[in-house]
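Visitor: I have a model to look through with you. Can we take it step by step?

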Amino acid sequence: MNIFIKSAAILTVLLGSGLTQAANNTASIPMGVEVPKSCSFSNVSAGIVLPEDGSEAQGSFNHTCNIDGGFNVTYSLDSRSIGSPKVKNIDGISLPITARIKSECCDLSLDNGSQTINFYYSFLSRPVLGVVTAKLITPTTATTPAGVYTDTFRVNVNY
Amino acid sequence: MKTFTKFAVFAAMLVGSGLTQAATTTASIPMGVDVPKSCTFSNVSAGIIIPEDGTKARGSFTLMCNTGSFSVEYAANSHANGSTSLTSTNGKKLNTLMNISRVDWEPGFPFNGSGSVGYGGFYGIPVNGFFEVGLQSPITATTEAGVYTDTLNMNVTY
């Protein structure tokens, strides 16, 4: 009789384990997209015509980034890489100029080399205006050789 | 004398009853095995990279059960107000559109981030399901940079 009772109890336990327990199993699939950092220019002036009388001319541009901050912008004149700023014609004759860049916080001279402005925060998707101004240091005269005198202003956004 | 004879016969019967009758005592031990119900996921996509242009990417999974009837609850972590989204570490959201297909031979149906599907007759038959997810609107130049994520959870009850 004792044997029978024990065996019946075992059977009940075996059956009970399957009939009464609810069971679950789980899995998960992560998903995502990475939006890369990017900056772009818009409304960039096609060109700046410097008046012959030495008055100031200006050009402008906007740059917009999809990051809140942490980027910097460097402004430079090509001609500044060799001596002081100037416009130069095809014959290599140059006319000295002076130039400045204004953007957000700063109004900086480009005469002594490139300039950099750091943008720390609050610039997410906000177009940032930059204005470059330039002029001949000395007005042209009747003896100034005829020709097209050029230089290039460059803006480089690092992010 | 008669009395003695009768006594002897009676005694013989008493003794005989113990020596000649067969006797057994039995016991039995039932035995068995209970194969518990089980469902397992396999071939679960490790991760889905969602295209930036709004097209959908696909994830898949296989579910195998040793019972014919079970149900699967699908839930996206982002589920809220009947829609789904990806969230960046900065808390920015990009809305997504999802489809879920219960089995691989039927087209997906729109999934708003939470739902349950019952399965019947799938004893020992692998269920190859999949889901698709895409951005509701393509990413533009003004979309904040970052890594945007969500997770689809599947919970099978059996």
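Visitor: How many helices and strands are there in chain B?
Guide: This is a predicted model. Read along the sequence, chain B opens with α, and β follows through to the end of the pattern. The count for chain B is one helix and 10 strands.

Visitor: What share of the residues of chain B count as buried?
Guide: A residue is buried if 20 or more other C-beta atoms lie within 10 Å of its own. Chain B has 158 residues. Of these, the buried share is 25%.

Visitor: Among contacts in chain B between residues at least 6 apart in sequence, what share join residues at least 24 apart?
Guide: Two residues are in contact if their C-beta atoms lie within 7 Å. Take the chain B pairs at least 6 apart in sequence; the share that join residues at least 24 apart is 74%.

Visitor: Where in chain B does pLDDT stay under 50?
Guide: The mean pLDDT of chain B is 86, and 87% of its residues reach 70 or more. One stretch has zero contacts beyond four places in sequence in the model, and pLDDT stays under 50 there. That stretch is residues 1–15 of chain B.

Visitor: Which are the edge strands of the open sheet of three strands in chain A?
Guide: The order is S8-S4-S10 in chain A, with antiparallel pairing. An edge strand here pairs on one side only. The edge strands are S8 (115–119) and S10 (153–158) of chain A.

Visitor: Which residue stands opposite A:Tyr75?
Guide: Strand S4 of chain A covers residues 71–77. Five bridges join S4(A) to S8(A), and the two run antiparallel. The residue opposite A:Tyr75 lies in S8(A): A:Gln115.

Terms used. Residues numbered from 1 in each chain as written. Chains lettered and ligands numbered in written order. Predicted model: local features only at pLDDT ≥ 70, side-chain atom pairs only at ≥ 80, totals over all residues. Helix = DSSP H or I, 4+ residues; strand = E, 2+ residues; numbered from the N terminus. Buried ≥ 20, exposed ≤ 12 C-beta atoms within 10 Å, placed from the backbone. Pairing = 2+ DSSP bridges. pLDDT = per-residue confidence, 0-100.
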